[in-house]
Amino acid sequence: MGKTIIPIGPYHPLQEEPEFFTLTVEGETVVDIDVRIGYNHRGIEKLSEMKTFENSTFVVERICGICSTSHPFAYTRAVEDIFPMEVSMRSKYIRTIIAEGERLHSHLLWLGLAGHFLGYNTVYMWAWKLREEILDVMEILSGNRNNYAMFKPGGVRRDIRSEDIPICISKIDSIVPTLVMLKKAVLDDPVLHARLKGVGIMSYQDAIDFSALGPTSRASGVARDVRKDSPYGAYQEMEWDMIVTKNGDVFDKAVVRILEMFETIKILKYCLNNLPDGEIDAKIKDVPPGEGIGHIEAPRGETFHYVKSDGTNRPMRHKVRAPTFMNFPTYKATVKGQTISDATIILAAIDPCYCCTERIAVKDDKGRMLYNGQDLIRLSREKTEKIRQRMGGK
Amino acid sequence: MSLKLKALLKSPWVFHLSTGSCNNCDIETLDCLTPRFDIERFGMLLVGSIKHADVLLVSGSCNRMSVERMKELFEQVPKPCLVVAIGTCAGSRGIFKDSYNCPVPLDKIIPVDVYIPGCPPKPEAIIAGAVKLIEKVGSTL
């Protein structure tokens, strides 16, 4: 049977962001997949190098709207890693609260979109309705529904008022019964079982080989979570479980995310109830020369930032690695051999985030250069080449 | 043309186009469809194909790669077509003004009817913008 190439994108209703997939199919079966990105590249790393250490937090926040806590969190940790400094316990707690609130609304968002892709629009509407409550909490705490601008090197920008805490807790409590109902509805539904179980399986070995991160890897039995492996913020202060499942199919990825939401609620409530007193800002004056790394567990996996300082007031080099960048190549393992109709949900199952990932697009269609920074080109190309070889040497 | 416009305003079908945004404006646009805001009560419907669209919702600062696609897509929309720029990026490129990869603002590429500022604009603001668009176009008929 002849092979057919199906182009998907770059502008299509499957996801909100532009991306371009080429599915090579034989009949109904997908035999190969290629992903082309670059429609979302905005040159954030270079922009960040034009700004001061404090102002860069606003740029990295806009890498991705859904991860608008993860990137500043990793960035501030990278700056704080350059020289020894102490971040107060209160600001660590506040950071954890904001990060977990983001995880909660991000997982709900994914659940809704997954339901939407499968034709379960009820799940979509329910999940997004619940998400509104969390966004309300975030608005109370930070003043904005997204892009919270809470982070700064050395602490947080805004304090949490004690009179807001009971309102936030009651709002978080109010979603739990519906979340339990939603969990039952999704996990016990026979149609969803038939539709998702055994679809897009990524084995334990594949997860290791492709260096998958976050819920994508945890669904395949790889117990990998920065919050446990290298605790930061206030995560070592309370008891919580890392959710790991074995099968690695789309169903398990959904299970991991749904169960993680309950853990997140646990962490959130602990932090809000036990918020210690103290300063919220270490008031950094100068950043000495040196380099630092910061990594945190974003809703999609490990976000990694590298910052190099030359003693001036702006970063000399800033490198970002988003989780989707590592999860992309797993498509090679999961989509091959599946039918086209299943490809949609498999592609969505890693919770891809293109605006995070677009650090590496250096060439456009005709091979014209888009970058000016020579250093960036070399690094990006080497990295792209490495990924290409791993994805099949094309 | 005006008859077509009049018909269009009854129930504008929207197509959502992200030209390199940070996702927030896109999510907030989708939020408008969900139960709390429910923009469908104004007859608005998100469509999957640009050939069905009456209104283009554009978010994000256009980067070099998406500028070409933007022009192509705008040619494909059945005219008359209204364009809404959602968010600061689509309006003025905002924080990405100095970026090497965001050469021109959106209104230099295609004509824009309504700008909704904010980073990201709240769903309420997007709905208010949509209502203003309908009023603005309705008053010219």
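Guide: In E8(A), A:His318 stands opposite A:Val307. The model is a predicted one.

On one side, strand E7 (residues 301-309) and strand E8 (residues 315-321) of chain A pair in the antiparallel sense, over six bridges. E7(A) and E8(A) form a hairpin, with five residues between them. A:Gly311 lies in that turn and has a positive phi of about 95°.

Chain A is divided into domain 1, which takes in 4-39, 330-355 and 372-390, and domain 2, which covers 44-323. Taken over C-alpha atoms, the centres of domain 1 and domain 2 of chain A are separated by 24 Å. The contact between them involves 17 residues of domain 1 of chain A and 23 residues of domain 2 of chain A. On the domain 1 side of chain A, the elements giving two or more residues to this contact are helix H13 (331-334) and helix H14 (340-349) of chain A. H14(A) supplies the largest share of that side, six residues. By class, the domain 1 side that touches domain 2 of chain A divides into 10 nonpolar, five polar and two charged residues.

Two helix pairs of chain A come next. Helix H4 (residues 89-118) and helix H5 (residues 121-142) of chain A have axes that come within 8 Å and cross at roughly 160°. Angles over 145 degrees count as roughly antiparallel, so H4(A) is roughly antiparallel to H5(A). The crossing of H4(A) and H5(A) is left-handed. Their contact has 17 nonpolar, seven polar and one charged residues.

The other pair is helix H6 (residues 164-187) and helix H11 (residues 250-273) of chain A, which pack at an angle of about 160° with their axes 11 Å apart. That angle makes H6(A) roughly antiparallel to H11(A). The crossing of H6(A) and H11(A) is left-handed. From H6(A), the contact residues include A:Ile165, A:Cys168, A:Ile169, A:Ile172, A:Val176, A:Leu179 and A:Lys183. From H11(A), they include A:Ala254, A:Val255, A:Ile258, A:Met261, A:Ile265, A:Leu268 and A:Lys269. By class, the contact of H6(A) with H11(A) has 15 nonpolar, no polar and two charged residues.

Beyond chain A there is chain B. The contact between the chains takes 34 residues from chain A and 33 residues from chain B. Strand E1 (13-18), helix H2 (24-31) and helix H3 (64-76) of chain B are the elements that give two or more residues to the side of chain B that touches chain A. That side of chain B has 13 nonpolar, 13 polar and seven charged residues.

Chain B has a sheet of its own. It is an open sheet of five strands in the order E2-E1-E3-E4-E5 of chain B, with parallel pairing. Its edge strands are strand E2 (45-46) and strand E5 (114-116) of chain B, and each pairs on one side only. Strand E4 (residues 82-86) of chain B pairs with E5(B) in the parallel sense over three bridges. One bridge there has B:Ala85 with B:Tyr115 of E5(B) as its partner. Helix H5 (residues 123-140) of chain B lies across E4 and E5 of chain B and runs at about 165° to E5(B).

Key
Residues numbered from 1 in each chain as written. Chains lettered and ligands numbered in written order. Predicted model: local features only at pLDDT ≥ 70, side-chain atom pairs only at ≥ 80, totals over all residues. Pairing = 2+ DSSP bridges. Helix = DSSP H or I, 4+ residues; strand = E, 2+ residues; numbered from the N terminus. Contact = placed C-beta atoms within 7 Å. Axes fitted to C-alpha atoms, helices over the stretch in contact; angles between N-to-C directions. Nonpolar A, V, L, I, M, F, W, Y, C, P; charged D, E, K, R; others polar. Parallel < 35°, antiparallel > 145°, perpendicular 65-115°, else oblique. Left-handed = near helix turned anticlockwise from the far one by under 90°. Domains from an automatic or database assignment.
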